[in-house]
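Subject: Structure for you to look at

Hello,

Here is the structure I promised you. Please open it before you read on.

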Amino acid sequence: MHRIAEKLLAFILIVQFSSTQQAEQSPLLRCLTGYRDRHGKLSDCPPNKVFSKCVTTCPKTCQNPYIKSNNENCLRDCRSGCVCANGTIIDEGRSGDCVPQDECTCHHHGRVFMPNEILLRNGKKCQCKNGGWDCVEQSMTSRTCSVVGLTHVETFDGALLTIKPGNYILVKNIGKKSTHFQIEAAVKKNFKRQLKFTIGVNTVVLSDIHSIILNNNKLEQLPFQSADLTIRQATSHFILIESKDMHIAYDGHSVYVTLESAHREHVRGLCGSFDYNQDNDLRLPNGKLTCNAHIFSEGYQVNDTKPNTSTEDDVPENFDRSEAEKQCHRIKNNVCKSGAHVHGLILSCVEDQRHTPIHKHNRASCYWHSIFAHACALACNDHPQKNTKWRGECEAVFTQCGAGTVYEECPHSCLNSCSDKADKHGSHSTCKKECIAGCVCEKHHYYDTHHSTHEPLKCVKGAECSCFDEREKSYHKSGTIIKRGHCSTCICIRGQFHCNSDKCDKSNIVCPNNLIFTETSLTACPKTCSNHLEWQNCHKYRSGCDCPKDMIRDENTNRCVYPKHCSCKMNDKLFSYGAKVTQDCNECTCTSGQWSCSKLDCSHTCSILKNKHYTTFHGQHLKLNSGSCEYIAAQLKNHKDKFTLILSNSESKNEHSLQGRMTIDGINISFESDKSIYVNDKALTTLTSSPAHYSSFTIHKAGLFVVINGTHFILRWDMGNRIYLTVDKKWKGKLDGVCSEHGSSNKDYVIQKPKHADSWKIDSECKVEESKPTDDNEEKSKWAHEKCVAVFDDSSS
């Protein structure tokens, strides 16, 4: 028995000096050494952690990896417990899990970034490495904004947004340095996406890659080219729209807008401000920044978009986020065999599965495969053409490759079309640079646009290319001979018509209006009123009717005019040169086929004194005998909860005390002369020039005034009896109340309309004591009126 006790004691001593890993692995050893948690309960350590009898109070973390955790101060009050295994540290971004340092997450403005993710800020390109940011000065290169999945936008500078369904302005240029352009897209819950691109006088609308409308006419043949616009079939999957310093790739469900650095700081829209700084991407149309993504996206909704009132953004009760993450990682691994930096896409993919679970919707799975494949190809981490097995499961979603074509994720060149000039074949490098995926032609084959859009894309040898007749809008097989113009004949060879140069008998030619006949100088891309400001000669000539020297054709009248005499159109009405129209408060003049408009501020202001004297939005001077009754000064028609301003005079002896209350997007504001302003019953006791931010407005102090600044209005209150409410032109005709128009166009006289004012009284039972006029009061009123009119006359002169 004595021998057994000695052996047991020796065993216990060995256990006390055992390694940490042995203690963690053996429940018996933990029991013998007394390994317990803080509550005295025997416990196993979680994965990636091991037991220690002395846990430091200042452990190494991803955010502080170089702390000396084993110094005397850190070990003074240590306790037994679990610590990170050798080679790992605590990552707070992963809920305290232990990870190797090179797998640490990073933080910026409250958001967690995964390892190797990119952040653009202050002109620098920063990458998440070892829990910190590795930043370098970035070159001013092109940047791409994408709209993918159901409702996800990544801005030019890398900010990620999830927006509500609707029609939005993605990009529009500001300033006058370049031709005006605007790109719009429809965001829906079904992966389908309409695209609209306007540049100069041209507007392109695409509802899918087979339906292209140019200036309200269906585009019959691609490529199309004008002075400022090129539209081509880039691959079987993508349409490519190109203009100066920009291009748009569109496949019917995803949109990729790429701008060159020339557009830096000259654009607005959902795609951000493009200044290589992610921190200020949420810039509203008026140039102000917001921290609220909903307010930001709402600012770029197209006017005819119906507000979304559905509750589909709520997470379904049976939504399994963990399973959704597994599905998205599976898709990513199918197309990205090595780790590409696509964590943002993982989050968007998971978000989409709240509405269309990938394991139940093959179409959603296929779209996300293509989105990840595009991102991984751009990341240059893979040879994506080797990872295309997923396409076999998506034959019903994506058109398969036809004869003479091959699928590539990053094609060497875009499709070489039969109608391209021979020296242009192989020169379309945008597809390789931007990884525009799809079927492209094999070597020595060309894309013949004369095929059904419902069939797989085919490429043929050059000798088999058909030709397209622009005049008749019809195709002709190789070798076909047609008559072109009045006198020449043409033969179709390798996708191009080759015509003889027989001269015509001019006596048989009659041109319409003031056009004249020319045998050789009528260009195939004539200068017209719609393109003369940016016209470029395509150097293709033929015989036909053309304009005299220095004149161009006005398409609206089919006559030749000097450029400055071009007519203009507005709302399908034709206006001649020099015609003037009024838009809001601005005057527009027709010059050179375009409208030149003044740049007046079309906002309107209603000024209010003591809830008695109003100058309405339309400049009418209105006097109310309001007493202490509450009146609606202004409110949004049918949307009272979005904006309402109600005013009254205090019942106290101080008859100059003004009271008011507002509702802005459901938030209640109240104020009274010489007292603090309240927001949802909470007093703002210390207002400064730094704005206090709320969901759709800000409040700050500016001199003597408190300023409430909303998306479409500004209210200034002097903390006494004066209020100035200014609204922009987007609210024109949408407000009613005392500040609205009162039927009289006379702005010079003070008008009194008690019945009209009573219609805006909150409580119709509230009585106002009528003041009886006296001869003395009437004399004073006339005198005061003359003095006020004189003041107005002096200020306006």
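Predicted model: local features only at pLDDT ≥ 70, side-chain atom pairs only at ≥ 80, totals over all residues.

Helices first. Two packed helices are described by the angle between their axes and the distance between the axes. Take helix H6, residues 321–335, and helix H8, residues 362–378. Their axes are 9 Å apart and meet at an angle of about 50°.

Which residues of H6 meet H8? They are Cys328, Arg330, Ile331, Lys332, Asn334 and Val335. From H8 come Ser365, Trp368, His369, Phe372, Ala373 and Cys376. Sorted by type, the residues of this contact are seven nonpolar, three polar and two charged.

Now find helix H7, residues 343–352. H7 is mostly covered, with eight of its 10 residues buried. Those buried residues are His343, Gly344, Leu345, Ile346, Ser348, Cys349, Val350 and Asp352. What do they pack against? Their partners are H6 and H8, plus strands S10 (143–148), S11 (152–154) and S12 (160–162).

Next, the strands around S17. S17 covers residues 211–214, and its side chains alternate. Ile212 and Leu214 point to one face and are buried.

S17 pairs with strand S16, residues 202–208, in the antiparallel sense over four bridges. In that pairing, Leu206 has Ile212 as its bridge partner. A hairpin of two residues joins S16 to S17. S17 also pairs with strand S18, residues 217–218, again antiparallel, over two bridges. There, Leu214 stands opposite Asn217. The hairpin of S17 and S18 has two residues between the strands, and Asn215 in that hairpin takes a positive phi near 50°.

Last, a sheet. How many strands form it? Seven strands form this open sheet, in the order S51-S50-S49-S48-S47-S46-S57, with antiparallel pairing. S51 (682–684) and S57 (735–736) stand at the edges. Each has a single partner strand, so one side of each is left without a neighbour in the sheet. Within the sheet, look at S48 (residues 658–664) and S49 (residues 667–672), which are joined by six bridges and run antiparallel. Gln659 stands opposite Glu672 in S49.

Best wishes

Methods
Residues numbered from 1 in each chain as written. Heavy atoms only, no water. Axes fitted to C-alpha atoms, helices over the stretch in contact; angles between N-to-C directions. Contact = heavy atoms within 4.5 Å. Nonpolar A, V, L, I, M, F, W, Y, C, P; charged D, E, K, R; others polar. Buried < 20%, exposed > 50% of the residue type's maximum accessible area, 1.4 Å probe, protein only. Pairing = 2+ DSSP bridges.
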